[in-house]
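Please keep the sequence and the structure in view while reading.

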Amino acid sequence: MLLCLVFVVCGRFYFHFASDNEGRLHVSRTPVSYYSQLAEAFRHGQLSLLTQPPRELLALADPYNPALNEPYRLHDASLYQGRYYLYFGPAPALVLHLPWRLLTGTYLLDDAAVLIFLLAGLGFWLAVFYAAIREWFPHLGLLWTLLCGLAIGFCNTAPYILARPAVYEVCLACAYCFTAIFFKALMSVLTGGPSRRNLLAAGVALSLAIASRPPALLIALIAAAALLWLVHRDGTSWRGPVRQLLPFAIPLAVTGALLATYNYMRFDSPWQFGNAYQLAGFNARNLPFFGAGLIPSGLRYYILSSPRTGLEFPFVWTAPDILDRMPRPSSVEPVSGALAMYLFLAALLAFPAVLRRGAGARSGIRLMAAVLTAMGVAELLLLCCFFYVTMRYELEFLPPLVMAAVLAICLIVTSPSRWRWAGIVLAPALLAGALQGCLLGFAGYHDYYELRHPGRTAAIQGSLLPIENRLARWFGGYGGIRVGLEAKPGAPGQTQMLVSTGVDETENRVLMRYLDPGTAQFGCAAHDRQGVYGDPVRLPPGRHTLEIYTGAMYPDSRVIYASWFAPETYDSTHARCLVKVDGEIVSDIRPFQSSPSAPWRVVANTSGLFRDPKLAGPSQVLSSQRNVAPPPVP
């Protein structure tokens, strides 16, 4: 019953993230989403989309050149011999979109499809955990059941991708669903024996996972080796075990043959899924998609990249932490590392030692732990080889690793040895991981949750504003900034950034503009707007103290950040940009409308460079300190 409650709680959050601002999911009378278009193509007996490429695209000298095809292309579709195809796996269209169209006459949009697959997958992952409790941990406490269940539900990036569900997330969610069904079938094999029904269910589920995301083929290889070892460990001949595994192998072989035929009929090659003919912001014809040299940077991004945290809702964001020393041929989307987000995954490091001491008669747990861990690591390494890094791919390797870590934690806390005292650390880690995973759903890709749900976001942030203000006062995360500046002569017209605000350091800028080598103006510029400056001031070379205040630096102005679609809600007392040099006011611009920003994120340009080298200058910021109280408005 407790895991049913976990499913209801997680499902309620899933629905909240996926639905629109009025709490609704939508269907369409026309095939709008890519998978609805693919289902409609299948219904008409063809493999290419019904949408025809425009003549202008086909007439281009190189239709795959993104600089040429941008006005005409169907983004991320594959163009081959004058037709559009999808390189995404066909399973979602076959198991959900096409049946839905035949039964209802309508077409599913991506938000509903992703939600359905994720809810189904979550149900089966929780079923795996329930079976593990009954078989291996019958005395597991209710608290641990609750914490582990919440970790399974929230520490899988599902909330994050639900904030912006698109075609990319549909195939990932479908693979997540059928991978969970496979592990439920594997659990039945371990607890009830390798019956034909269990093996067939495992084979069919894994086949559909591969038809959703071909990299799931790695799971098939690992699962086949594990099952072969399981059925052969008590025998001497290989003929019997191989015959026994035919119900598992036949669906995989049939699916492999069908996918090869599907590819050949589209791209004249059984191995080509369409990636090489993709129309995107890069030329896929000249791009190496995989490379072993990308593994170190991939591990850094997917495992260790730290999230950004703050003192305002939603308190945690993915971080576009691009490493110059680990270049990639394409940009890296905002991502947070699994271990940095979910510290309880460190329990996997202790799993071998715990298994040796505490597994006892629980024979199947070793094989389940090995398959889960091997699958997660294999998927992780494959993704690290891929040229693109993005948070949504963590849905492929996180669920098995989280389940393996949960099994390790359950084994630790139910062990009679000294290992059980590790629960003092593991319980807060599980709770913190589940909380962070849930809060990521209120951010999403590029704050997409806020874009889709401005009303909800405003309501949540308005209710949390007293808490945010209290946190800011406790931790000093708001207020103006006092800056130590080493002034140096500059060229006329040269503009230097001194301070920036916002999560990405670009929302609001405090600037110094030279009029001549010894004269400057200080001012502010909101995001994508021209700077507004005060009066000229003599700035002799040497050290000076600056005090800078803008409305974006105070938590009371969080109301405008929450309601930035309605600027009239902005508190006029904060509509100000004030700069003091050595105690004298040199700029006091009123009203000054700051861009929506994060008041806790105010960064002094001590390095001389932000992301824009054009705003570098000769003067040097030596130190910075936040000041709580703004000067009174005259």
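A salt bridge is a side-chain nitrogen of Lys or Arg within 4 Å of a carboxyl oxygen of Asp or Glu. The structure is a predicted model, in which local features need pLDDT of at least 70 and side-chain atom pairs count only at pLDDT 80 or more, while totals for chains, interfaces and linings use all residues. Residues are numbered from 1 along each chain as its sequence is written, and side-chain values use heavy atoms, with hydrogens and water left out.

**The chain as a whole**

- The chain has 22 helices and 17 strands; helices (H or I, at least four residues) and strands (E, at least two) are DSSP runs, numbered from the N terminus.
- Of the 634 residues of the chain, 57% count as buried. Buried means under 20% relative accessible area, exposed means over 50%, and partly exposed lies in between (1.4 Å probe, protein chains only).
- Among the contacts in the chain with a separation of 6 or more, 75% come from residues 24 or more positions apart. Contact here means heavy atoms within 4.5 Å.

**Salt bridges**

- By the rule given above, the count comes to ten salt bridges.
- The side chains of Glu396 and Arg213 meet in a salt bridge, at 2.8 Å from N to O. This pair links distant parts of the chain, 183 residues apart: Glu396 belongs to helix α18, and Arg213 to the loop between α10 (196–212) and α11 (217–232).
- Glu396 counts as buried because its relative accessibility is 7%. Arg213 also has a value under the limit, 15%, and therefore counts as buried.
- Glu40 forms a salt bridge with Arg101, and the closest N and O atoms are 3.7 Å apart. Here too distant parts of the chain are linked, since Glu40 is in helix α2 (residues 34–43) and Arg101 is in helix α5 (residues 91–104), 61 residues apart.
- With a relative accessible area of 7%, Glu40 is buried. Arg101, at 17% relative accessibility, counts as buried.
- Glu169 forms a salt bridge with Arg392, the closest N and O atoms being 3.8 Å apart. The two residues lie 223 residues apart and link distant parts of the chain, with Glu169 in helix α9 and Arg392 in the loop between α17 (364–385) and α18 (394–413).
- Both Glu169 and Arg392 are buried.
- Salt bridges that share partners join Arg164, Glu169, Glu333 and Arg392 into one network.

**Helix packing**

- Two packed helices are described by the angle between their axes and the distance between the axes. Axes are lines fitted to C-alpha atoms, for helices over the stretch in contact, and angles run from 0 to 180 degrees between N-to-C directions.
- Helix α6 (residues 110–136) packs with helix α9 (residues 167–192) at an angle of about 20°, and their axes are 8 Å apart. The two helices are therefore roughly parallel to each other. Angles under 35 degrees count as roughly parallel, over 145 as roughly antiparallel, 65 to 115 as roughly perpendicular and the rest as oblique.
- By class, the contact of α6 with α9 has 24 nonpolar, three polar and four charged residues. Ala, Val, Leu, Ile, Met, Phe, Trp, Tyr, Cys and Pro count as nonpolar, Asp, Glu, Lys and Arg as charged, and the others, Gly among them, as polar.
- Helix α9 also packs with α17, at an angle of about 160° and with the axes 10 Å apart. That angle makes α9 roughly antiparallel to α17.
- The α9 side of this contact is made by Thr179, Phe183, Leu186, Met187 and Leu190, and the α17 side by Gly364, Leu367, Met368, Val371, Leu372 and Met375. By class, the contact of α9 with α17 has nine nonpolar, two polar and no charged residues.

**Two single residues**

- Ser188 has its place in helix α9 and, at 18% relative accessibility, counts as buried. Not counting residues up to four places away in sequence, Ser188 touches Gly193 and Asn198.
- Tyr72 lies in the loop between α4 (66–69) and β2 (78–80) and counts as partly exposed, at 32% relative accessibility.
- Leaving aside neighbours within four places in sequence, Tyr72 is in contact with Pro54, Glu56, Leu57, Leu60 and Tyr84.
- Tyr72 and Leu58 are 14 residues apart in sequence, and 9.3 Å apart in space from C-alpha to C-alpha.
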